[in-house]
Amino acid sequence: MELKQLQYFMAICEELHFTRAAEKMGVSAPNISQQIRRLEEELGVLLFDRMGKTIVLTEAGAILHEHGAAIFVHLQQANDAISDLKQMHGGSLSIGVLPGDADLMFNALLLNFHQTYPTIALSLLETTKITEQVLDRSIDLGVTIGPVIDERLTSIPLFHEEFSLAVSTNDPLATESFVPLNRLPALKMVMFPPDHQSRKLIDRFCKDKGFTLQPHMVTTTLSSLLQMVQSGVGACVLPRLLLDNLHNKDIKVLHLRNPTPSQDICLIYRSDSYVGYAMRTFIKTLRAYIETVINHAKSS
């Protein structure tokens with residue numbers, strides 16, 4: 001069995017059409033048909049059932065397709081490993097994060113990472129389909145809400161994220177240490193739009209307590225949200241780690257209780273991916289960054 005024959009076979013499996021597969025591979029239809037016949041003769045089985053212009057995989061064809069896919073994954077991993085070696089600590093990495101998380105977590109991290117590892121090219125994509133895009137390889141890594149349970153994915157827990165209430169230091173609430181969640185409807189709230197991941201979390205916890213928040217003002221950016229809180233326009237609910245690390249003297253952070261909105265954050269990548277220098281370095285840096293932020297918040 002030649003590698004080229006296996007490539008032709010996989011192309012036909014994708015197209016289920018000899019002519020389209022031939023066009024995809026840049027060869028003639030008779031050529032690709034001849035190679036498949038030779039492959040079938042060598043294996044002693046039919047790989048496709050031909051019913052007029054329609055073709056379907058036989059049982060033997062399905063077996064070869066499964067193993068062929070694994071072979072090409074391993075070949076890609078070998079190519080990635082060699083490319084990684086040739087680049088000598090360079091490389092590129094695409095990272096998917098939930099909408100808003102670029103502001104909430106990654107701005108400072110990416111700046112520090114670029115300054116420390118200038119030869120690694122990073123691209124950051126905000127997306128609501130992190131799991132799907134990691135699986136289809138359109139992004140290398142994803143930072144998302146856990147748990148993510150899929151045998152095709154490796155999941156690394158990052159941290160447990162709690163949310164707190166931010167108010168102006170001039171607000172009467174600023175003298176309190178915590179606020180029950182069911183008190184939020186009585187407050188003027190400034191919030192992200194309903195499709196923002198943080199807003200979805202808050203709305204879900206509120207719904208579980210039997211109420212829906214009607215925000216006084218809605219904004220799409222973190223900076224404007226914080227500005228409105230600082231100016232006393234209203235209160236907002238944001239991740240505790242973010243608020244603790246703002247060190248904004250005009251904003252008071254209050255615990256939310258009964259219950260405390262929270263979620264688990266994890267990092268995911270395909271289990272069959274080659275974990276090269278760029279990916280290893282970013283994962284190590286991300287985990288160290290989160291640990292530093294958490295420890296800094298505890299000591300504040």
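Which residues are exposed on the other side of α3? They are Pro 30 and Glu 41, where exposed means over 50% relative accessible area, buried under 20% and partly exposed in between (1.4 Å probe, protein chains only).

A quick word on the model: it is predicted, so local features need pLDDT of at least 70 and side-chain atom pairs count only at pLDDT 80 or more, while totals for chains, interfaces and linings use all residues. Residues are numbered from 1 along each chain as its sequence is written, and side-chain values use heavy atoms, leaving out hydrogens and water.

Back to helix α3, which runs over residues 29–43 (helices are DSSP runs of H or I with at least four residues, strands are E runs with at least two, numbered from the N terminus). The buried residues of α3 are Ile 32, Ser 33, Gln 35, Ile 36, Leu 39 and Glu 40. They sit on the same side of α3 because they cover an arc of only 160° around the axis, taken from the directions from the helix axis to the C-beta atoms. Just after α3 comes Gly 44, with a positive phi of about 75°.

Here are two residues side by side:

What is Ser 94 in contact with, leaving aside its neighbours within four places in sequence? Ser 123, Ser 138, Ile 139, Asp 140 and Leu 141, with contact meaning heavy atoms within 4.5 Å.
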